[in-house]
Every structure is written in C-alpha cells, then in structure tokens.
Amino acid sequence: MIPAYIHDEAVIHPLASVGLPGDHREMDSDGAPPIEIGAGTVVREFCVIKRALAGAPSARGTTIGKDCLLMTAVHVYEGCCIGDCVEINVRATLCGYVDVMDGARIGAGAIIHPGVTIGEGALVGLGAAVIEDVPPESVVVGNPARTLRRGNATPDQLEAWEHLCRRKPIPESDIAFDMMEQS
Ligand SMILES: CC(C)(COP(=O)(O)OP(=O)(O)OC[C@H]1O[C@@H](n2cnc3c(N)ncnc32)[C@H](O)[C@@H]1OP(=O)(O)O)[C@@H](O)C(=O)NCCC(=O)NCCS
C-alpha cells in the first residue's frame, strides 16, 4: 500500500520522514489508511510524520490539511488530524490521535497528550504540556497547560467545539494507556 498521498503543491524538505509505521509494540500500520498532506503545506527537515495504527479503535489515518507549516523537527505521531493553515513550531510533538483544528498555532517544544483536541485558532505557548482539550481561540501555557486567555470564540465556534468533544472517536484511555505501556 502507498504510505502517503502528498499533494503536488506540498513541500517536504530533505531529511523529513513521512510514512513510516506508527510506534507500537503490538500494532503496526499495515492496512491503515495512508497519510494525506494537502496543497501548500510545508514540512521542514527532521520532521517525523507517522502512519496510523491498523488495530487502533479509530480507522482514521494521519492527515495534514492545506497551507500548514511544520517547522524543523516537529513530530506528528499516528492518527493525528491537522486542519488547514495550522502552524507548528520547532520540536513540538503531537502524540497519537491528536486533532488540531484550522488556524491553530503550537509553540516551539510543546507536547500534546494523546487524544487531545486543539481548537480552531487556539494558541499553545512555547514548551507547554497540553493534557486537556483547548477551546477555540484560547491561549494555553505551562506544564500542565493552563488557560491564559479565552480569546474571541464565537457562539458558533463554541457550539461546534462542544459537538466535536461529544463525538470524540477515541476514548483517551484506549490510546494513552497503550502508549504509556510501551515506554
Ligand atoms: C503564549 C504566548 C503567546 C503568550 O504571550 P503573551 O500573551 O505576550 O504573554 P505574556 O508574556 O504577557 O505572559 C503572560 C503570563 O503567561 C506566562 N507565560 C507566557 N508564555 C508562557 C509560556 N510559554 N510558558 C509558561 N508561561 C508563559 C508569563 O510568565 C505570564 O505569567 P504571569 O501572568 O504569572 O506573570 C507566548 O509566550 C508564546 O509562548 N509564544 C510562542 C513562541 C514560539 O513558540 N515561537 C516560535 C519559535 S520557533
């Protein structure tokens, strides 16, 4: 199976790794959907983007939307879904099955816990350890991350957000526990 579909207008810099199987002792990526990377997205050197796990509770693949920027050494683990116009700064890590909604920005060196959703237009501060969902348009900082500002989310955005949280596909325990077990 093809490990990744990369749009002609996406740019993958040399030394980035796109399409290796996800990291797991018992599950591999054979039969999991390929990675998808959209037009205008730039993936800088030493980034690592992993395929989803075939045996995971969600059948979704790892996807990155349009016009995103993944700076040097960003790691995107299995099954993460990144929207459009997302900026992820150097050495940030998205553990498995993280959702990052359109227009969100993630600061350098931040780490996002498995299964967390970063809301539309949200900003994660440099070095944050994010262990809970981040609402749209808000700013979080620190370890564990705390809300610095609520921002300007519209009622529509908040409603969409609540809906999204209700239908989260992966119970956090399913993914987080397995991943912790590996270390
Ligand atoms: C999150 C961020 C946007 C906040 O900026 P800001 O609104 O100007 O915030 P301030 O500097 O006024 O700080 C407000 C409070 O948050 C704290 N804070 C700000 N950024 C923080 C961070 N990254 N981690 C922990 N605490 C932080 C400050 O210490 C201050 O705390 P206090 O109120 O207790 O004194 C900014 O600090 C940040 O991290 N930007 C991302 C930088 C980055 O990754 N750049 C890319 C490099 S490649």
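Which residue in β20 does V140 stand opposite? In this predicted model, the residue opposite V140 is T147. The pairing belongs to the contact between β19 (residues 139–141) and β20 (residues 146–149), two antiparallel strands joined by three bridges. Together β19 and β20 form a hairpin with four residues between them, and G142 in the turn has a positive phi of about 95 degrees. The loop between the two strands also holds P144, which is linked to N143 by a cis peptide bond with an omega of about -5 degrees. Most peptide bonds are trans.

The overall content of the chain is two helices and 20 strands. Of its 183 residues, 38% are buried. Among contacts with a separation of 6 or more, 38% are between residues 24 or more positions apart. The average pLDDT of the chain is 88, and 89% of the residues score at least 70. Residues 171–183 have a pLDDT below 50, and this stretch has 17 contacts in the model beyond near neighbours in sequence. Where pLDDT is low, the predicted coordinates should not be read in detail.

One consists of six strands in the order β1-β4-β7-β10-β13-β16, with parallel pairing. Its edge strands, each pairing on one side only, are β1 (4–6) and β16 (117–118). Within this sheet, β10 is joined to β13 (residues 99–100) by two bridges in the parallel sense, and C81 has D99 in β13 as its bridge partner. The other sheet is also made of six strands with parallel pairing, in the order β3-β6-β9-β12-β15-β18. Here the edge positions, with pairing on one side only, are taken by β3 (17–20) and β18 (129–130). Strand β15 (residues 111–112) runs parallel to β18 and is connected to it by two bridges; I112 has V130 in β18 as its bridge partner. Strands of a sheet pair through backbone hydrogen bonds, either parallel or antiparallel.

The largest nonpolar core contains 40 residues, and I118, V124 and V130 have the most contacts inside it. Strands that each supply at least two residues of this core include β4 (35–37), β10 (81–82) and β17 (123–124). Leaving aside residues up to four places away in sequence, V130 touches A110, I112, H113, V116, V124, V140 and A145. In soluble globular proteins, nonpolar side chains tend to be buried together.

V141 is classed as partly exposed because 18 C-beta neighbours fall inside 10 Å, whereas a buried residue would need 20 or more. The contacts of V141, not counting residues up to four places away in sequence, are with G125, A128, R146 and L148. V141 and G107 are separated by 34 residues in sequence, while their C-alpha atoms are 9.3 Å apart.

G121 sits in the loop between β16 and β17. With 19 C-beta neighbours inside 10 Å, G121 is partly exposed. The C-alpha atom of G121 is 4.1 Å from that of A104, although the two residues are 17 apart along the chain. Beyond residues up to four places away in sequence, G121 touches G103, A104, P136 and E137.

Two residues other than glycine were found with a positive phi. L15 has a phi of about 75 degrees and is placed in the loop between β2 (11–12) and β3. L15 is exposed because 11 other C-beta atoms lie within 10 Å. C85 has a phi of about 55 degrees and belongs to the loop between β10 and β11 (87–88). C85 has 18 other C-beta atoms within 10 Å and is therefore partly exposed. Most residues other than glycine have a negative phi.

Note on methods: Residues numbered from 1 in each chain as written. Predicted model: local features only at pLDDT ≥ 70, side-chain atom pairs only at ≥ 80, totals over all residues. Buried ≥ 20, exposed ≤ 12 C-beta atoms within 10 Å, placed from the backbone. Contact = placed C-beta atoms within 7 Å. Core = buried A, V, L, I, M, F, W, Y, C linked by C-beta atoms within 7 Å. pLDDT = per-residue confidence, 0-100. Pairing = 2+ DSSP bridges.
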